[in-house]
Amino acid sequence: MQTRPTDINIPHTIDKIVPEVELYRRLQEAEKRVDIFTTRKINDLQENITRIPRKKELLRIFIFNTTENQPWQLQPGQQPTEEPNWTLRIEGRLVNNEKAEDPTRRKFSSFLSGISIDLLNQNNNQQQQQTHDPNQPQQPSKENIIEWHEQNEQNAPRVDFDGLDVKRSGGENIKTKITIQPKEFPIKFRVSNELSSLLGVTELTQHDAVYSIWQYIQFNNLQAPEDKRIINCDENLSKLFGVPRFNFRDLIDLLSKHLSANKPIELEYEIRVDKASTLGDTVIDVEVPVDDISEQENWRNELKKIITEYDDSIKELNSKIVLGIQALHNSHRKHQFYDQLSKDPINFFKDFTESHSKLLKILSGDEGYNEESVRRSEFYTDEMLSENVDILLKTNRI
């Protein structure tokens, strides 16, 4: 199968014959700039696909407890074989059509960064009351604090779950304080009323807050002419930050007074041992951000379509360019041949005969041909060097 030439460069020896070649080189430079720009934009689009706004879905959380071996659960005359105990369970899942056995379904823990359970044990409270200062708030014992935190170490194994169980012995109702911290990425902050009135939002990330203020500064031309890092506050910014001017590097510190972390979910729950189960008594619905996989896939397909839409046309044009340049090379060789022939026919035919005599020896394998000579640069003295090398390559002699 004959391969098609791929060289798209035109030698400068043709410039005197075809001055328009310079336009082709300028076109090549423009094509390089377009390729760089296109590649950068494609990378930006691919990065932005991962930043498609997440959709909100409902995470339903159930908090309940079950009991075992409580006195009221025993049959008349039955002796207990185990201590009475209870199990507190916190579980949750998205309210959607995904099946529970679907391996791709996100687990409850993947939406949280931490869970804390404080058990306000009655026996410990009685002991603390003997020595406790009534003017100081009581703190639960560390033994009665159960915590789970998301594992952030890269090499640590990740184990997601749909429910967290806490089992303890006990036959009395116990009050608890449960704290659930939903996961946020990027972390959003609640904004103060003053900042909210300026930006028109109730929550945003720190990056978005800085960018929004920067846009406000540029729109109102508040940078000092002598030093662009200095911001001259207008009435709104002066009221917001309480200063007439500030250095832009201090903006994060000034904004920190107006940004506060979103509060976690906190509730008080009483573990009841007078019921076999309290499932359904405490249910919490929380909106959580979820990646819109279908939307991202649609954008990826659209991007692929944009990238490959003109591939066939570009390949066809490239093929025409390569064939045109090859024809130009052939015409240039013919021009060189006849130009040299017209200037000095006798010496030209003499050099031409000697050159092709050498080539004939190469092709026929004559004894007078020295294989070592072809390996040296002195051998390649013919001005039609490209043709000689081409013949040697095609015959696998070099």
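**Figure 1. Tyr338 and the end of helix α8 in the predicted model.** Y338 is found in helix α8, where helices (H or I, at least four residues) and strands (E, at least two) are DSSP runs, numbered from the N terminus. At 55% relative accessibility, Y338 counts as exposed; throughout these legends, buried means under 20% relative accessible area, exposed over 50%, and partly exposed in between, computed with a 1.4 Å probe on protein chains only. From Y338 to F348 the separation is 10 residues in sequence and 10.0 Å in space, taken C-alpha to C-alpha. The model is a predicted one, in which local features need pLDDT of at least 70 and side-chain atom pairs count only at pLDDT 80 or more, whereas totals for chains, interfaces and linings use all residues. Residues are numbered from 1 along each chain as its sequence is written, and side-chain values use heavy atoms, with hydrogens and water left out.

Figure 2. In helix α8 (residues 311-343), the side chains of K343 and D339 meet in a salt bridge at 3.2 Å, N to O, and because the two residues are 4 apart in the helix, they are separated by about one helical turn. K343 is exposed, with a relative accessible area of 65%, while D339 is partly exposed at 29%. A second pair joins D274 to R272, with the closest N and O atoms 2.8 Å apart; D274 is partly exposed at 41% relative accessible area, and R272 also counts as partly exposed, at 33%. Elsewhere, D15, E22 and R25 are linked in a network of salt bridges.

Figure 3. Helix α4 (residues 206-219) has 14 residues and reaches 20 Å from its first C-alpha to its last, which is close to the 20 Å expected at 1.5 Å a residue, the expected span being 1.5 Å times one less than the number of residues. Its buried residues are A209, V210, I213, Y216 and I217. These residues cover an arc of only 120° around the axis, which puts them on the same side of α4; the arc is that of the directions from the helix axis to the C-beta atoms. The face turned away from this buried side carries the exposed residues H207 and F219. Just after α4, N221 takes a positive phi of about 55°.

**Figure 4. Strand β4 and its partner β3.** Strand β3 (residues 112-120) pairs with β4 in the antiparallel sense over 5 bridges, two strands being counted as paired if DSSP finds at least two bridges between them. In this pairing, G114 stands opposite H149 of β4.

**Figure 5. An open sheet of four strands.** The order of the 4 strands in this open sheet is β5-β2-β1-β13, and the pairing is antiparallel. The edge strands are β5 (163-169) and β13 (282-290), each of which pairs on one side only. The twist averages 20° from one strand to the next, where axes are lines fitted to C-alpha atoms, for helices over the stretch in contact, and angles run from 0 to 180 degrees between N-to-C directions. Strand β2 (residues 85-94) and β5 pair in the antiparallel sense over 7 bridges, and N85 stands opposite S169 in β5.

**Figure 6. The surroundings of His258.** H258 lies in the loop between α6 (251-256) and β11 (259-261) and is buried, with a relative accessible area of 10%. Leaving aside residues up to four places away in sequence, H258 touches R190, V191, S192, E194, L195, L240 and F241, a contact meaning heavy atoms within 4.5 Å. For the protein as a whole, 28% of the 398 residues count as buried, and residues 24 or more positions apart account for 69% of the contacts with a separation of 6 or more.

Note on methods: A salt bridge is a side-chain nitrogen of Lys or Arg within 4 Å of a carboxyl oxygen of Asp or Glu.
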